[in-house]
Amino acid sequence: MSGPVLELTGVTKLFGGITACKDISFTLPKGQIMGLIGPNGAGKTTAFNLITGVYGLTGGAVKLEGEAITGLRPDLIVRKGIARTFQNIRLFRNLCVLDNVIIALDCHETYLLASSFLRLPSVRRREKAVREQAMTFLAAVGLEDKAATRADAMPYGLQRKLEIARALALKPRLLLLDEPAAGMNPEESLDLARLIRKIHEDFQLTTLLIEHHMDVVMALCEKIFVMNFGEKLAEGSAEAIQRDPDVLKAYLGEGFKRAQHTIA
Amino acid sequence: MWQYISGVISLGLIYVIATVGLAVFTGFTGLFSLGHAAFFAIGAYTAAILTYFYGYNFYLALALGAAAGGLVGFLIGYPTLKAKLRTDYFAIATLGFGEAIRVLLENLPITQGARGLPGIRAYTTLPVLVVCTGMVMMFAWNLIHSRHGRASIAIREDFVAAEMMGVNIFIGRLRSLVFSAACAGLAGGLFAHYYCFIQPSMFSSYMSTQMTAAVVAGGMGSISGPAIATLIFIGIPEALRVANIWRLVAYGLILVLIMIFRPQGLMGYKELNMDMIRGWGRRIRKAVGA
Amino acid sequence: MFVQTLLTGLAIGGIYALMAVGYSLVFSILNFSNFAYGSIIMLGAYISYFSMVKLGLPIGVAIVLSILGAALLCYLNERLAYSPLRKRRASSLFFMISAMGTAIFLENLVYAVVGAHFYAFPEVFTKSNLTYRGVSIGVLDVFAIAFSFTAIYALHFFLQKSRTGIAIRAASYDIQVCGLNGVNDKHLIGLVFCLAGGLAGISGTFLGMKYIVYPTMGWITNKAYIAAVIGGLGSLPGAVVGGILLGVTETFVSAYVSSVVRDVFSFSLLVLLLMVMPTGLFGRFLEEKV
């Protein structure tokens with residue numbers, strides 16, 4: 001397993017007259033956490049949508065562990081091993097927390113439709129196993145006591161954690177997190193950063209992270225890719241990016257001080 | 001007297017079978033089928049033609065009627081669902097198909113056109129209906145509580161997120177449609193051998209409307225809810241001898257009022273269970289006793 | 001024969017265009033198919049019929065009354081059945097159910113109260129024809145074409161030139177931003193429904209005059225949906241073009257193939273378009289923001 005987990009080559013997306021992404025290329029090695037940053041409207045979420053197949057590419061290619069996934073249906077791409085969370089939370093609001101995770105786990109179940117109708121013992125066994133597995137994923141993010149709560153009845157911070165638990169339950173090779181700390185105060189963001197670090201260690205999960213909270217990004221990411229107006233602005237280590245004059249001018253602000261926070 | 005009551009119950013159970021199927025499609029998968037009576041009609045005509053003209057065994061005819069309904073559901077569903085139509089345009093397309101099936105039934109020689117098919121044998125008895133209803137409800141419940149059912153629910157809740165959970169939207173919806181069409185086909189076959197006469201005008205939008213209204217009123221996340229709502233919709237007008245037309249006026253008003261005041265319908269996302277019944281018992285006793 | 005069919009097609013196309021514009025007005029602002037629109041059209045027809053027959057009013061007054069009455073009813077429909085849902089930010093499924101409920105309620109109320117009789121308009125100019133070089137066109141059709149295009153042009157003028165019209169056009173792109181810019185979106189929505197209702201009154205009257213007045217004539221709005229898709233969802237000029245195209249092609253199918261097949265043709269066209277070219281001719285491609 002030597003190649004990168006994710007490889008984008010010349011990825012381009014046009015919406016009519018608007019170029020959302022132009023010639024975006026980068027690689028993400030196995031086990032790394034990479035940050036994708038840039039001003040609003042830079043094309044970061046579009047990049048996620050292109051990787052996961054929600055939007056079709058106008059040009060370029062996307063490869064997952066060497067295998068081309070350009071043009072595949074989104075649910076197939078998910079089955080190949082990419083999981084993502086959404087900028088605006090997209091939980092199954094009317095369902096309980098546990099069911100949200102169970103639906104993710106269903107992705108890897110294979111029992112037949114006929115067996116479902118008859119509810120054969122094998123199905124019953126699988127259902128029980130899936131429920132237990134779902135509980136372990138909830139425990140990984142600290143939500144096990146909320147299993148029976150309706151998803152939209154939970155506070156915002158916990159909903160974000162559920163989104164992450166759901167993504168983990170897909171047992172992906174690559175995790176895409178779209179602004180997981182959005183709407184959180186500094187304390188909550190660091191808490192979240194700790195969670196992401198823990199997940200990264202426990203699951204050895206290659207991660208691509210879109211975030212505006214710079215303390216989270218700088219604390220977690222080994223490599224950062226900066227976008228602006230749909231194009232690449234800079235790429236490099238966290239330290240290099242914080243010193244890059246183009247990045248400071250376009251996004252971070254010339255008065256930006258190096259992130260002081262470190263997380264345990 | 002019992003004759004009359006058992007007749008009402010029989011008719012009610014026939015519609016329960018069709019409505020439970022529709023509940024899986026509209027309630028759990030979130031798509032409207034405004035021409036669902038067409039599948040009912042296909043099942044009715046298939047089963048009736050088989051027993052009447054070809055002397056088939058009743059149960060085999062029923063099964064084939066259900067299969068015919070499911071097959072047509074597949075044929076209609078494949079192009080329309082593959083195209084990922086918006087919910088409202090899918091509903092309009094189903095209206096069109098309902099129309100098309102009606103035109104077909106009125107013009108094929110074997111269905112004897114608008115005159116209809118009289119003299120069908122009365123094979124449908126209450127015990128048969130009770131068994132069929134029980135089976136269909138059990139299958140529906142099993143389906144909903146399996147990974148296939150959950151996929152449909154995910155599609156209804158948020159189809160973008162469902163896709164991101166590895167759910168194939170097209171297959172999930174098609175599966176629900178075929179199941180609901182087969183249920184309607186089975187109900188149709190049972191109906192034909194209960195009423196003993198069928199003609200195309202019986203399977204009108206009135207029937208489709210009633211089924212959809214029962215699903216909404218019963219609760220779009222429940223199996224028992226729509227079943228109960230169907231029995232109420234059939235039972236009360238019979239009890240009050242209310243004319244068909246006012247029944248429909250009531251359905252329309254009920255739909256709007258439910259959307260405004262109680263969108264979760266009767267049962268919401270829950271099924272009828274002992275706690276609920278005990279709860280009602282407590283409330284009734286309090287109202288009457290205290 | 002060709003020119004004759006073409007002229008007839010244009011006449012019906014004009015009416016379809018009116019309906020399609022009314023439908024698209026609401027659709028482009030609220031992204032919602034008003035399934036109850038057909039029943040408003042039907043009520044417009046009844047209002048002008050009864051104004052002329054029971055109240056003995058001249059045709060001009062009857063049309064005005066129908067426009068006003070339908071506008072009021074459409075507005076009330078919005079206030080009572082849709083705005084509570086909008087306040088709650090209910091999902092589009094609920095809007096659809098509420099719209100369907102309203103349609104069913106209104107149609108069957110008319111059935112129950114007025115009766116199922118088919119009413120034919122008194123022969124104002126329904127029978128007289130203009131003939132030129134062997135081609136004849138009914139005076140009614142000429143009137144219908146003229147009135148339809150006048151109404152559409154007036155609407156166009158209003159949307160382009162007046163402040164409120166510009167607000168409506170802005171709202172069709174993004175109603176929230178419109179609100180942020182100081183437009184009272186509640187009033188705007190109410191006004192749009194009034195306008196749509198007015199158009200419904202005119203189309204209902206002409207439909208009633210051309211054909212016949214009966215409670216379920218509202219189902220013809222399906223043609224409006226199809227016309228809107230042909231022209232492109234969300235586009236008002238598209239709705240006009242779509243309406244005319246649909247009217248003309250439908251009439252040709254009816255004349256040269258068979259009139260029974262006419263509706264099946266239209267629905268098939270709808271499904272085909274939605275699969276192959278969902279944006280229609282002028283439509284805006286609305287990709288969902290994820």
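A residue counts as buried if 20 or more other C-beta atoms lie within 10 Å of its own, as exposed if 12 or fewer do, and as partly exposed in between, with C-beta atoms placed from the backbone. By that rule B:Gly235 is partly exposed, because 15 other C-beta atoms lie within 10 Å. This is a predicted model, so local features need pLDDT of at least 70 and side-chain atom pairs count only at pLDDT 80 or more, while totals for chains, interfaces and linings use all residues. Residues are numbered from 1 along each chain as its sequence is written, and chains are lettered from A and ligands numbered from 1 in the order in which they are written.

Setting aside neighbours within four places in sequence, B:Gly235 is in contact with B:Val8 and B:Gly12, where contact means that the C-beta atoms of two residues, placed from the backbone, lie within 7 Å. B:Met164 is another story: 71 residues separate it from B:Gly235 in sequence, and 44 Å in space, C-alpha to C-alpha.

Now for chain A and its strands. Six of them, in the order β6-β7-β8-β3-β9-β10, make up an open sheet with mixed pairing; two strands pair if DSSP finds at least two bridges between them. At the edges sit β6 (82-84) and β10 (231-237) of chain A, each of which pairs on one side only. From one strand to the next, the twist averages 15°. Axes here are lines fitted to C-alpha atoms, for helices over the stretch in contact, and angles run from 0 to 180 degrees between N-to-C directions. Strands of a sheet pair through backbone hydrogen bonds, either parallel or antiparallel. The parallel kind shows up between β6(A) and strand β7 (residues 174-178) of chain A, joined by 3 bridges, with A:Arg84 standing opposite A:Leu176 in β7(A). Helix α10 (residues 245-252) of chain A packs on this sheet, where it touches β3 (33-37), β9 (223-228) and β10 of chain A, and its direction makes about 120° with that of β10(A).

Antiparallel pairing turns up in chain A too. Strand β1 (residues 6-15) and strand β4 (residues 59-64) of chain A pair that way over 5 bridges, and A:Leu6 stands opposite A:Leu64 in β4(A). β4(A) is also joined by 2 bridges to strand β5 (residues 67-68) of chain A, again antiparallel, and there A:Lys63 stands opposite A:Ala68 in β5(A). The hairpin of β4(A) and β5(A) has 2 residues between the strands, and A:Glu65 in this hairpin takes a positive phi near 50°.

Two loop residues of chain A also have a positive phi. A:Lys171, in the loop between α6 (156-169) and β7 of chain A, has a phi of about 50° although it is not a glycine. A:Lys171 counts as partly exposed because it has 16 C-beta neighbours inside 10 Å. A:Glu179, in the loop between β7 and α7 of chain A, is not a glycine either, and its positive phi is about 45°. With 20 C-beta neighbours inside 10 Å, A:Glu179 counts as buried.

Chain A is assigned domain 1 (1-81 + 172-264) and domain 2 (98-171), with bounds that come from an automatic or database domain assignment. The contact between them takes 11 residues from domain 1 of chain A and 10 residues from domain 2 of chain A. On the domain 1 side, α2 (74-80) and α7 (186-203) of chain A are the elements that give two or more residues, and α7(A) has the largest share with 4 residues.

Of its 272 residues, B:Ile17, B:Ala187, B:Leu255 and C:Val21 touch the most other members. Helix α1 (residues 2-30) of chain C contributes the largest share, 16 residues. Leaving aside neighbours within four places in sequence, the contacts of C:Val21 include C:Ile152, C:Leu155 and C:Leu199.

Note on methods:
Core = buried A, V, L, I, M, F, W, Y, C linked by C-beta atoms within 7 Å.
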